[in-house]
Amino acid sequence: GEGAEASSLPPARDLAPALASATFGPPGSARLLAELAAERDVLEALRRALGDDSQAAHVLNSFLAAKALAAALRVFLPLVSRKLRVAQRLAPVYARYFFEKRRIQGIRDPEARSAAWGRVHEWGAIRVAAVVTDFGGFYTKVSQIFGSATQMVPPAYIRRLLVAEHAFGAPPVPFELVRGIVERQHGRPLEEVYSEFSFVPEATGSVAQVHFAVVRETGQEVAVKVLKGEWNRRSLMSDIGTMLDGAHFLKFLGLDGGIDLPTIILSYQQIVPAEFDLSQEARTMRRFAALFQQWGLAERMALPEVIDDLSDESVLVAERVRGTRLVDVLQDAEAEGALPALPPEAEDFHGGWGEGFRLVFEAWGRMVFLEGAFHTDPHPGNLMFDEMGRLVVLDWGQTKELRRERRVALARVVQAMAAE
């Protein structure tokens, strides 16, 4: 999309504040410790005022000990602490669904039963969305997945998760760290490589964020995708493990609504690690660009061209594509209370939504059944129309390979559905 324009380069800064932040290191940062120390001082003063032998003082002593243990976990075992805090927040939700399921099953009137479930879903959705906003990480990705699964997820969760995702999303990392990562990859100061580099990221995901820039030597406009750091990787994989535990627990309690949640989370556990190697994403982009050309799709569907000599495992530089993202088209239509309309250049190019959908079906059909590998994250934020009207597919970090026997089984399913 157009987004924020690339600006002149911000000055280099000390990396220490960025490296000490909770985004890149365990939450046991200086800020956290200072807050805990301030709380401790207040409680200690209150305990002395009450007297060492009073019952209230003993209660305060126990509270102080619990706070100290929690602080120690966050400082020395941050991922364990994060897992426990998430479990603590979600336990009441699991418990209420478990007991309400038995009660609501006894309601005979369908409308009353539906209304009862609606109240429980609204209560649960508020709390689950709060976990997403407070913890971010993989929980933001989950909100993106289930927030668009209208055929499986209750409306209350759709509404709350979409609000949580759009309002809070994945937090960006400080520019100081971005500068450090890019300069380490290029082996020279940012100013020598780029004449412009946006201070604020154009897009931020759970794994990486994207900045717009202009290459000094060629004047080419580019998008620079930068990984968000090692701590983010460890935290994200821990979150997936927590989600997998929760999925198995929901299945055990019979609260999964018939959805195979463990398989869904396991698929992400297998795919996500590859997202932390941007050189693999670059190879994938080159592979599918060649395939689109081979299949005769390149004139209608494209992906950004990778700038090889500026890319590596932690930085991916590709041409900047100007145009209109599909998510913006849908959000504008929703805000206006109207049906989505293709941008004029896309309308002229494709002739309407029907041809656009057929193009998507053809491309993914060829990827799945012919190549046995496909882009697994084609949500509206990753699809856009360029200034010519072509459909452009962004963010190739998540792809999946399918064995031949799986492709054959899928082909038989499609044939059976077509025969109905």
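Trainee: In which helix does Val142 lie?

Mentor: This is a predicted model, where local features need pLDDT of at least 70, side-chain atom pairs count only at pLDDT 80 or more, and totals for chains, interfaces and linings use all residues. Residues are numbered from 1 along each chain as its sequence is written, and side-chain values use heavy atoms, with hydrogens and water left out. Helices (H or I, at least four residues) and strands (E, at least two) are DSSP runs, numbered from the N terminus. The run at residues 138-146 holds Val142, and that run is helix H6.

Trainee: Is Val142 buried or exposed?

Mentor: Buried means under 20% relative accessible area, exposed over 50%, partly exposed in between (1.4 Å probe, protein chains only). Val142 has 11% relative accessibility, so it counts as buried.

Trainee: How far apart in space are Val142 and Ile265?

Mentor: In sequence, 123 residues separate Val142 and Ile265. In space, C-alpha to C-alpha, the distance is 9.1 Å.

Trainee: Why is H8 largely enclosed by the rest of the structure?

Mentor: Helix H8 covers residues 175-186. Its buried residues include Phe175, Leu177 and Ile181. H8 is largely enclosed because the buried count is 10 of the 12 residues.

Trainee: Which residue in E4 stands opposite Gln209?

Mentor: Two strands pair if DSSP finds at least two bridges between them. E3 (residues 208-215) and E4 pair in the antiparallel sense over seven bridges. They form a hairpin with five residues between them. Opposite Gln209 stands Val226.

Trainee: Which residue in E6 stands opposite Val226?

Mentor: E4 spans residues 221-227, and six of its seven residues are buried. Five bridges join E4 to E6 (residues 315-319), and the two run antiparallel. The E6 residue opposite Val226 is Val315.

Trainee: How many residues has the largest nonpolar core?

Mentor: A nonpolar core is a set of buried Ala, Val, Leu, Ile, Met, Phe, Trp, Tyr and Cys residues joined through side-chain atoms within 4.5 Å. Phe138, Met301, Trp364, Met367 and Trp396 have the most contacts inside the largest one. Its residue count is 67.

Trainee: Which helix gives the most to this core?

Mentor: The helix spans residues 230-253 and gives seven residues. It is H10.

Notes: Expected span 1.5 Å × (residues − 1).
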